[in-house]
Amino acid sequence: MGAKNWTALNESTIAVCLLSPDYFASSFISRVEVPHILKHSEQGRLTVVSVILSPCAFKGSGLDKYQALPASLAPVRGMNQIQRDQTWEDLANFLESKLKDTAPPPFDGDSRLYSIGTHRV
């Protein structure tokens with residue numbers, strides 16, 4: 001993993017995990033990314049939300065302690081189009097609410113104030 005990716009991972013305030021058997025089968029994800037996500041979340045530095053794309057080992061993964069979509073925990077892959085659309089809308093609403101909590105103040109013409117409030121997502 002390049003330095004730029006580590007910087008993004010370390011500076012992120014929200015992690016969206018798209019869960020599937022392939023996600024959990026990845027050695028990088030299981031050995032590096034998930035422990036990093038869990039550590040930063042436990043430190044209060046990261047908000048975690050998972051989307052269950054297909055049946056997988058979500059329960060007991062450590063990620064099951066955090067917000068997951070769809071709320072029914074039914075995999076997106078088995079849903080009809082309306083249910084899938086609702087899941088993605090729920091994710092967008094969740095992200096919007098979290099981003100509002102961390103958004104920088106509106107630009108008022110003073111670039112010094114704006115640069116202090118910037119953040120990375």
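Leu 63 touches Cys 17, Leu 19, Tyr 23, Phe 24, Val 34, Ile 37, Leu 38, Val 48, Ser 50 and Phe 58, leaving aside residues up to four places away in sequence, where a contact means heavy atoms within 4.5 Å. The model is predicted, so that local features need pLDDT of at least 70 and side-chain atom pairs count only at pLDDT 80 or more, whereas totals for chains, interfaces and linings use all residues. Residues are numbered from 1 along each chain as its sequence is written, and side-chain values use heavy atoms, with hydrogens and water left out.

Leu 63 belongs to the residues with the most contacts inside the largest nonpolar core, together with Leu 19, Tyr 23 and Ile 37, and this core has 15 residues. A nonpolar core is here a set of buried Ala, Val, Leu, Ile, Met, Phe, Trp, Tyr and Cys residues joined through side-chain atoms within 4.5 Å; buried means under 20% relative accessible area, exposed over 50%, and partly exposed in between, with a 1.4 Å probe and protein chains only. Strand β1 (14-19), helix α3 (27-42) and strand β2 (47-52) each supply at least two residues of the core, and the largest share, 4 residues, comes from α3. Apart from this core lies another one, of 6 residues, which includes Val 49, Leu 69, Val 76 and Leu 91.

The elements named here are DSSP runs numbered from the N terminus, with helices (H or I) of at least four residues and strands (E) of at least two. The protein chain holds 5 helices and 3 strands, and read along the sequence these follow the pattern α-β-α-α-β-β-α-α.

The strands form an open sheet of 3 strands in the order β1-β2-β3, with parallel pairing, two strands being paired if DSSP finds at least two bridges between them. The edge strands are β1 and β3, each of which pairs on one side only, and the twist from one strand to the next averages 20°. Between β1 and β2, which run parallel, there are 6 bridges, and within β2 it is Val 51 that stands opposite Leu 18. Strand β2 is also joined by 3 bridges to strand β3 (residues 67-69), again running parallel, with Ser 50 standing opposite Ala 68 in β3. Because 5 of the 6 residues of β2 are buried, this strand is largely enclosed by the rest of the structure.

Is His 40 buried or exposed? At 6% relative accessibility, His 40 counts as buried, and it touches Asn 10, Arg 45 and Leu 46, again not counting residues up to four places away in sequence.

Side chains of opposite charge can pair when their charged atoms come close. A salt bridge is counted when a side-chain nitrogen of Lys or Arg lies within 4 Å of a carboxyl oxygen of Asp or Glu, and by this rule the count comes to 1. The side chains that meet in this way are those of Glu 42 and Lys 65, at 3.5 Å from N to O. Glu 42 lies in helix α3 and Lys 65 in the loop between β2 and β3, so the pair ties together parts that are 23 residues apart in sequence. Both Glu 42 and Lys 65 are exposed.

At 35% relative accessibility, Leu 73 counts as partly exposed.

For the chain as a whole, 31% of the 121 residues count as buried. Of the contacts with a separation of 6 or more, 56% are made by residues 24 or more positions apart.

How values were computed:
Axes fitted to C-alpha atoms, helices over the stretch in contact; angles between N-to-C directions.
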